[in-house]
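Student: Could we go through this chain together, from its overall make-up down to single residues?

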Amino acid sequence: LKRKLIAEATADNGVAIGVSDSGVKVIVRMKPPSKGEEEEMIVKKISNDALTINEQTFTFDSIADPESTQDEIFQLVGAPLVENCLAGFNSSVFAYGQTGSGKTYTMWGPANGLLEEHLSGDQRGLTPRVFELLFARLSEEQAKHAERQLKYQCRCSFLEIYNEQITDLLDPSLKNLMIREDVKSGVYVENLTEEYVKNLKDLSKLLVKGLANRRTGATSVNAESSRSHCVFTCVVESHCKSVADGLSSFKTSRINLVDLAGSERQKLTGAAGDRLKEAGNINRSLSQLGNLINILAEISQTGKQRHIPYRDSRLTFLLQESLGGNAKLAMVCAVSPSQSCRSETFSTLRFAQRAKAIQNKAIVNEV
Ligand code: ADP
């Protein structure tokens with residue numbers, strides 16, 4: 001099934017032209033081999049949308065090989081995300097994959113302590129590029145439709161979910177925050193810091209501060225950072241006048257950039273007490289995301305609505321309004337193409353296949 005891109009003109013609300021996409025967009029990105037791995041690359045790109053692993057073929061929306069640049073990934077998922085956001089959709093990109101497969105590199109840029117200078121070089125990741133385009137597009141819309149007096153605000157937050165506990169990455173003294181839901185605000189995190197960003201400099205400061213507060217910078221399989229989910233959210237509020245009747249309209253949409261915990265199976269050998277509890281919790285958000293993906297894919301395939309247990313983990317509860325329904329979702333599934341990662345790579349590709357089966361329009365979100 002080829003995905004259709006539909007240009008949607010939103011003539012009545014001023015923040016024009018968006019790209020609508022009928023399901024979850026799935027990109028597989030292959031990491032360049034580390035030293036010594038060059039000989040044993042088992043994942044091979046065979047076309048723009050297909051790869052093989054041990055003679056099995058998988059098809060997705062796009063395959064990014066080890067030579068793919070950060071800009072190419074941005075063109076595949078970042079630019080459409082901005083257009084979707086401007087068209088009023090909640091829009092998210094998730095990075096999924098085992099530890100060391102390139103999620104952090106893809107989402108933010110060169111790993112291990114992001115510095116401000118990393119945010120302007122070629123290696124800068126998806127997030128800074130998304131905001132470059134967002135700010136440019138918002139100014140363009142303001143200039144193009146001056147009569148509508150478009151005003152906008154971008155409100156950002158940055159949090160980490162570790163061991164099913166939410167910590168504010170912009171103020172790490174705020175720990176164990178609770179998710180609330182009400183009719184007026186929808187789903188939100190109580191007491192979470194929100195900062196307005198007006199330009200790239202503001203954004204860079206937030207990213208650098210937030211990532212520095214992430215649990216340990218190291219990316220070994222056992223590092224805590226590999227077991228935490230990082231969620232950067234920007235609420236874009238726009239306010240403008242309608243040309244037709246001069247009345248004001250107000251629109252909000254949400255961008256989520258999510259660097260998920262490593263998808264590798266946690267080894268529980270020898271774990272006891274707190275450590276055991278922690279191991280169970282760490283996977284809860286990720287396994288619940290997997291369950292949701294299965295349920296959403298099943299609804300898409302059978303057309304039968306069923307209960308979607310968004311509230312069963314912090315991650316899925318928090319992102320409830322961005323999964324399914326009218327939301328736009330892209331997944332970058334990161335794989336390491338070497339033989340030693342074979343079984344985790346298979347498991348990532350299977351997850352990616354289930355995600356690709358989701359047709360969001362078929363899903364009615366519960367309120
Ligand atoms: P993860 O977040 O999945 O644990 P990282 O993003 O930290 O993985 O990637 C592991 C290492 O590989 C890092 O040193 C990172 O800079 C490097 N790396 C990952 N993907 C790429 C890529 N596409 N090009 C160059 N280096 C990469």
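This is a predicted model: local features need pLDDT of at least 70, side-chain atom pairs count only at pLDDT 80 or more; totals for chains, interfaces and linings use all residues.

Tutor: Residues are numbered from 1 along each chain as its sequence is written.

Student: How many helices and strands are there in the protein chain?

Tutor: Helices (H or I, at least four residues) and strands (E, at least two) are taken as DSSP runs, numbered from the N terminus. On that basis the protein chain has seven helices and 16 strands.

Student: What percentage of the 367 residues of the protein chain count as buried?

Tutor: A residue is buried if 20 or more other C-beta atoms, placed from the backbone, lie within 10 Å of its own, exposed if 12 or fewer do, and partly exposed in between. For the 367 residues of the protein chain, the share that counts as buried is 44%.

Student: Which residues is isoleucine 27 in contact with, leaving aside its neighbours within four places in sequence?

Tutor: Two residues are in contact if their C-beta atoms, placed from the backbone, lie within 7 Å. With neighbours within four places in sequence left aside, the partners of isoleucine 27 are Phe60, Asp61, Ser62, Ala64, Leu76, Val77, Ala330 and Val332.

Student: Is glutamine 98 buried or exposed?

Tutor: UniProt, in an unreviewed entry, lists Gln98 under "binding site"; such annotations may be inferred rather than shown by experiment, and their positions follow the numbering used here, with feature names shortened. Glutamine 98 is found in the loop between strand 8 (91-97) and helix 2 (103-107). Because 22 other C-beta atoms lie within 10 Å, glutamine 98 is buried.

Student: How far apart in space are leucine 159 and leucine 170, C-alpha to C-alpha?

Tutor: Leucine 159 lies in strand 9 (residues 151-162), and it counts as buried because it has 23 C-beta neighbours inside 10 Å. Leucine 159 and leucine 170 are eleven residues apart in sequence, and their C-alpha to C-alpha distance is 7.5 Å.
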